[in-house]
Amino acid sequence: MNTNTVSQLLAKDQFGQEIEINGWVRTFRAKRFIALNDGSTINNIQCVVDFENTDENTLKRITTGAAVHIKGELIESQGKGQKVEIAVKSIEILGDSDPETYPIQPKKHSFEFLRENAHLRTRTSTFSAIMRLRSSLSFAVHKYFNENGFYYMHTPIITGSDAEGAGEMFRVTNLDAKTPPLTEEGKVDFKEDFFGSETNLTVSGQLEAETYAMSLGKVYTFGPTFRAENSNTSRHLSEFWMIEPEVAFMDLAGNMDLAEDFMKSVINYILENNREDLEFLENRLLDEEKTKPQAERSEMSLIEKLKFVVDNNFKRVSYTEAIDILRNSKPNKKKKFNYIIEEWGADLQSEHERFLVEKHFKCPVILFDYPANIKAFYMRLNEDGKTVRAMDILFPGIGEIVGGAQREERLDVLKQKMAALDISEEELWWYLDLRKYGTAVHSGFGLGFERLVMFATGMTNIRDVIPYPRTPQNAEF
């Protein structure tokens with residue numbers, strides 16, 4: 001007999017079937033009722049034990065966290081909340097389970113406590129829902145690009161280039177840490193290193209993806225990236241995943257079209273396929289909202305936020321227009337913003353982005369044509385000489401979620417921008433080659449996958465949407 005999953009059994013109403021199932025005990029009460037879960041759904045299935053005909057030693061071993069194999073009959077549930085339950089005929093305890101030390105007891109645990117027990121936190125309803133949604137979003141990403149003619153590219157994790165120009169990178173080396181070889185000037189001689197030059201973990205696959213876009217047309221990357229930023233905020237990780245499509249012969253307008261269509265598609269996928277998990281997380285958030293002061297409560301529920309993105313056209317607004325709106329807004333005039341907007345050129349903060357989305361336009365917003373001096377060197381300079389063809393997508397509750405641009409395809413302009421920022425032409429000779437041989441308009445964007453999962457689940461700390469967070473002073477598990 002094949003074993004069933006909890007999700008399969010809960011969808012059945014063919015009573016009287018003999019079934020087998022494996023799972024973990026969530027609760028066991030009155031020596032009779034097991035709430036069993038196997039990770040296939042947010043819901044548990046009730047298994048009713050005939051305690052009078054079950055060995056007492058077996059009953060003692062049915063504890064929270066225990067793995068069990070059950071044979072029984074699928075029957076109509078006598079209680080409320082589910083159609084079916086299992087009348088247990090035999091139960092086997094698989095392995096050991098110590099109820100005295102098992103950390104994930106059937107009670108409310110803090111997220112900090114669960115991070116300390118990250119190897120077990122998906123045994124909780126909240127984290128199993130988050131990780132099922134993460135899996136579905138990942139599938140939806142690949143599904144979208146595959147159906148739209150993109151090729152999946154694996155960009156290198158070890159790189160000699162700094163795509164962001166920030167310098168916050170993890171070095172990769174096999175040189176002796178205590179006595180590395182030195183040059184005549186007394187500096188570390190990376191020519192003696194494994195790769196013959198200084199190398200790091202990548203912060204982005206964009207530059208390499210551009211090279212493939214200029215031969216395959218449409219490509220995307222979806223892989224791990226790393227940033228050695230010593231930040232312990234709820235929005236930063238040292239290891240995270242990035243989605244980065246790059247498309248040849250596509251300008252900024254096409255890039256905005258692609259990003260909007262992509263975001264709507266992946267979010268719509270989970271609305272259609274992960275409803276129970278979303279409803280559970282929405283109810284969790286509603287309970288959490290009740291403990292907050294009225295002024296701090298969200299105006300939209302989780303599912304309303306997701307539908308807000310799917311059902312609305314994204315408003316396209318120039319940075320210049322957005323600055324005028326913000327400068328003249330009530331929160332700015334009354335100094336309610338933490339960062340007051342005084343002049344053109346300011347780098348927008350999350351509070352400004354959320355105001356534009358939630359209060360002013362009341363729809364997702366795409367800002368474009370940013371000041372050149374607050375954006376990366378590879379973004380195409382506009383004819384005004386002071387803005388670049390960059391774009392950011394702003395969502396409710398989170399602010400910026402996507403950043404992208406039309407890439408600078410003109411060799412002379414790119415060289416000038418690199419020189420101004422002291423970026424070595426020698427190190428990026430291959431990137432410059434794209435502008436020498438068959439140069440063309442091309443564009444792309446980047447989406448931090450964990451930011452997307454945060455938005456989709458309503459979680460407020462990025463450490464809670466990745467299986468094992470890597471942060472300063474923390475690389476456990």
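Visitor: Buried means under 20% relative accessible area, exposed over 50%, and partly exposed in between (1.4 Å probe, protein chains only). With that in mind, which residues of helix H5 are buried?

Guide: In helix H5 (residues 206-216), the buried residues are Gln206, Leu207, Glu208, Ala209, Glu210 and Ala213. Helices (H or I, at least four residues) and strands (E, at least two) are DSSP runs, numbered from the N terminus. This is a predicted model, in which local features need pLDDT of at least 70 and side-chain atom pairs count only at pLDDT 80 or more, while totals for chains, interfaces and linings use all residues. Residues are numbered from 1 along each chain as its sequence is written, and side-chain values use heavy atoms, with hydrogens and water left out.

Visitor: Stepping back, how many helices and strands does the chain have?

Guide: The protein chain has 14 helices and 17 strands. Its C-alpha trace spans about 85 × 60 × 45 Å along the principal axes. Of its 477 residues, 49% count as buried. Among contacts between residues at least 6 apart in sequence, 68% join residues at least 24 apart.

Visitor: What is the strand order in the sheet of eight strands?

Guide: That open sheet has mixed pairing and runs in the order S7-S11-S12-S17-S16-S15-S14-S13. Strands S7 (151-152) and S13 (315-318) are at the edges with a single partner strand each, so one side of each is left without a neighbour in the sheet. Two strands pair if DSSP finds at least two bridges between them.

Visitor: How many bridges join S12 to S11, and how many to S17?

Guide: Nine bridges join S11 to S12, in the antiparallel sense, and Phe226 stands opposite Glu239 in S12. Between S12 and S17, also antiparallel, there are five bridges, with Val247 partnered by Ser443 in S17. S12 itself is mostly covered, as eight of its ten residues are buried.

Visitor: What about S14 and S15, parallel or antiparallel?

Guide: S14 (residues 365-371) and S15 (residues 387-395) run antiparallel and are joined by six bridges. One of the pairs is Ile366 with Ile393 in S15.

Visitor: And the sheet of three strands: what is its order?

Guide: The order is S8-S10-S9, in an open sheet with antiparallel pairing. S8 (158-159) and S9 (171-172) stand at the edges with a single partner strand each, so one side of each has no neighbour in the sheet. Two bridges pair S8 with S10 (residues 199-201), and Ile158 stands opposite Leu201 in S10.

Visitor: Changing topic, where is Gly403, and what does it touch?

Guide: Gly403 lies in strand S16 (residues 399-406). Its relative accessibility is 24%, so it counts as partly exposed. Leaving out residues up to four places away in sequence, Gly403 touches Met391, Asp392, Phe445 and Gly446. Its C-alpha atom is 9.4 Å from that of Ala259, which is 144 residues away along the chain.

Visitor: Is Asn37 buried or exposed?

Guide: Asn37 counts as buried because its relative accessibility is 4%. Asn37 belongs to strand S3 (residues 33-37). Beyond neighbours within four places in sequence, its contacts include Val6, Trp24, Arg26 and Ile42.

Visitor: How many disulfides are there?

Guide: A search of the whole structure finds zero disulfides (a disulfide being a pair of cysteine sulfur atoms within 2.5 Å). Cys47 counts as buried at 0% relative accessibility, and so does Cys363 at 10%.

Visitor: Lastly, which residues lie nearest the centre of the second largest pocket?

Guide: Ser298, Lys305, Arg354, Gly397 and Ile398 lie nearest its centre, within a lining of 34 residues. By class, the lining has twelve nonpolar, seven polar and 15 charged residues. Here Ala, Val, Leu, Ile, Met, Phe, Trp, Tyr, Cys and Pro count as nonpolar, Asp, Glu, Lys and Arg as charged, and the others, Gly among them, as polar. A pocket is an open set of points on a 1 Å grid over the protein atoms alone, where a 1.4 Å probe fits, with protein on both sides within 12 Å along at least five of seven lines; lining residues have an atom within 4 Å of a point.

Visitor: Which helix gives the most to that lining?

Guide: H11 gives the most, with six residues. Helices H7 (275-289), H8 (302-311), H11 (350-361) and H14 (449-457) each supply at least two residues of the lining.

Technical notes
Contact = heavy atoms within 4.5 Å.
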